[in-house]
Amino acid sequence: MRRQWTSTAGIVITALLSLFLVVPVLLSVYAGLAVNYARGPSAGFTLDWVGQVWGLYADTVWRSLVVALLTLVVTLLIGVPGAYALVRKGGRFARAAEEIVTLPVAVPGLALALALILSYGGAGAFRQSTLFVVVGHVLFTLPFMLRAVIAVLETIDWRTLDEGAASLGAPAWRRFIDVILPNVRPGIVAGALTVVTLSIGEFNLTWMMHTPMTKTLPVGLADAYASMRLEIASAYTIVFLVMVIPLLIGVQLVADFTQNRTAS
Amino acid sequence: MNTHASMVTTRSGASIATRRLSKSFNGTTVLHPTDLEIPAGQILVLLGPSGCGKTTLLRLIAGLEQPDGPDMIRFDGEDVSGVPIEKRNVGMVFQSYALFPNMTVAENVGYGLKVRKVERAQREAETRRLLALVGLEEYADRRISAVSGGQRQRTALARALAIKPRVLLLDEPLAALDAVLRERLRVEIGLLLREFGITAVYVTHDQAEAMAIGDRIAVMEKGRIAQIGVPKEIYHRPANDFVADFVGTMNRIAGRVENGLLNIHGGETMARLNVGGPDRATTLCFRPEAARLASANGAISARVAATTFFGATQRLVAEVSSECRLQLDLPSNLSVTPGQILAFEIDPAAIIEFQTEA
């Protein structure tokens, strides 16, 4: 009886909270499709705004995808071997290294961007290229890749696996590729998911670092909010959602698939 | 290819020799300088309690630990001290199996051959042969998580043997299994190792396993080899108190030898035992099975405290005095009840006497 009461209350509270979070999203979508938001639904619906956004900002969408992909590649190349190296090394040094790498998450993105501009602002071509933004994103997302891989490494007996492969004659690089990598795959997938979503949504750091030629999607969104009518900015949100949601679902499916494979 | 073909012909593996082999971690000596000779094809068991250095000695031979000095380990006379494990060509079976969860049973067994760039067809044939040898053909395509503990252990053994190692090293390979399976696999592994005729070092803390598998046993204590010998020697002629207690059950009777007869301290009746030798204070040791019933004359009398039925025999706990409790194995058809006074004697050939410290 009592238990039923609490579980009903739980469902109600959860529903209300979900509604609280979902309503703004739905309203944005509605605003982006309405002919005139102020006049309400009676004015009718249109895809014109979405079309206009695509015409004005399509390049930011592609740039965001490219930045996210490059960021992912770099964090994979540095983060996965780095995580293994840190776990192998262990002790105080490894912990200190992990803390230092995590710092950019705690430091405000603006401060991080400022530091990068101060250091490399003079290098013209690099400063003006998309790569400059990628560097910022790597600094910000790397700890998430490291943490995800380290977490999985700590649950598997990597030392024995490594020794087992060594006893069979495999050199160090081969043991890493054949035995360590496949067994930390869940961590790599989880880390990749976090890195890609963080990179696509990142505004703070990117806003400070971008040039007119290196605008990403969230920076363009801020632009639209600041300088266009509400319906265009909202249509931009729709573009963002249409892009990000399938991506997230896709990565999640890949994660589930690899999980099932290792479990069976 | 060629190297592999030549490996097939060497069936008995390499001899192992250690010379003053020692190891310390952060100033703590785990293994004191140890000399060891293992002839090619012999199975040596390292037996001892945890922390005695047996696993360290095995890992040193494997190349998983670096010895304290140069030229301390030789295979067939060749110094391998500086050779890393991946180049030492040793087969290793770990207590936790160390099987690769991302590979099937067959892929695990074939991995060492793959690393050695053995052609696919030959690799698969060799894998099948080894799986058949350990009775796992049907499980070849199963994932490691889908086979039982005993099957994992066999997979690990097949994987280690697949590379035709110079020596096979086994670190408590049965410790993670339940008692029934352990007993069965113990026999199987012993037979398999002899069939392969490979030089093997086998670490265990289980004396029954050591007796069943070892050509020779090295009993280790506190980083040193306390005694090395064939199982019968270790059991019947233990070198010291530690070995005597670690391997099997050992009874002790303290007393004084006068005119070749032992007078037992504190005996209710002054029991006498013919042992010979000069007059001395001593402790005599004997195994439970060395006792037999005797007529009261010239025997030791003891009060039966408890009996345990073992099938063919029964084990008696018998008190000679308040300080001297003995365990005696007698035929189980003998009717004995607790409280009864029993007269028994000891097979003189089975009596062991250690040097008593003054």
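The model is predicted. Its largest nonpolar core holds 132 residues. Two helix pairs, one in chain B and one in chain A, are described by axis angle and distance. Helix 7 of chain A is mostly covered.

**Nonpolar cores**
- Six residues touch the most other members of the largest core: A:V149, A:Y236, B:L46, B:L169, B:V201 and B:V219.
- Helix 6 (residues 130–153) of chain A supplies the largest share of this core, 15 residues.
- Leaving aside residues up to four places away in sequence, A:V149 touches A:G79, A:V80, A:A83, A:V184, A:G187, A:I188 and A:G191.
- A second core of 20 residues is separate, and B:F286, B:A291, B:L316 and B:L342 are among its members.

**Helices 4 and 6 of chain A**
- Helix 4 (residues 109–120) of chain A packs on helix 6 of chain A at an angle of about 135°, and the axes are 11 Å apart.
- The two helices are therefore oblique to each other, since roughly antiparallel would need an angle over 145 degrees.
- Helix 4 of chain A makes a right-handed crossing with helix 6 of chain A.
- On the helix 4 side, the contact uses A:G109, A:L112, A:A113 and A:L116; on the helix 6 side, it uses A:V135, A:G136, A:L139 and A:F140.
- By class, this contact has six nonpolar and two polar residues, with no charged ones.

**Helix 7 of chain A**
- Helix 7 (residues 158–167) of chain A has 10 residues, and seven of them are buried.
- The buried residues are A:W158, A:L161, A:E163, A:G164, A:A165, A:A166 and A:S167.
- Their cover draws on both chains: it includes helix 2 (48–89), helix 6 and helix 8 (172–183) of chain A, along with helix 2 (54–62), helix 3 (85–88) and strand 6 (90–93) of chain B.

**Helices 4 and 6 of chain B**
- The axes of helix 4 (residues 105–115) and helix 6 (residues 149–162) of chain B come within 7 Å and cross at roughly 20°.
- That angle makes helix 4 of chain B roughly parallel to helix 6 of chain B.
- The crossing of helix 4 of chain B past helix 6 of chain B is right-handed.
- B:V105, B:N108, B:V109, B:G110, B:Y111, B:G112 and B:L113 of helix 4 meet B:T155, B:A158, B:R159 and B:A162 of helix 6.
- This contact has six nonpolar, four polar and one charged residues.

Definitions and conventions: Residues numbered from 1 in each chain as written. Chains lettered and ligands numbered in written order. Predicted model: local features only at pLDDT ≥ 70, side-chain atom pairs only at ≥ 80, totals over all residues. Axes fitted to C-alpha atoms, helices over the stretch in contact; angles between N-to-C directions. Helix = DSSP H or I, 4+ residues; strand = E, 2+ residues; numbered from the N terminus. Parallel < 35°, antiparallel > 145°, perpendicular 65-115°, else oblique. Left-handed = near helix turned anticlockwise from the far one by under 90°. Contact = placed C-beta atoms within 7 Å. Nonpolar A, V, L, I, M, F, W, Y, C, P; charged D, E, K, R; others polar. Core = buried A, V, L, I, M, F, W, Y, C linked by C-beta atoms within 7 Å. Buried ≥ 20, exposed ≤ 12 C-beta atoms within 10 Å, placed from the backbone.
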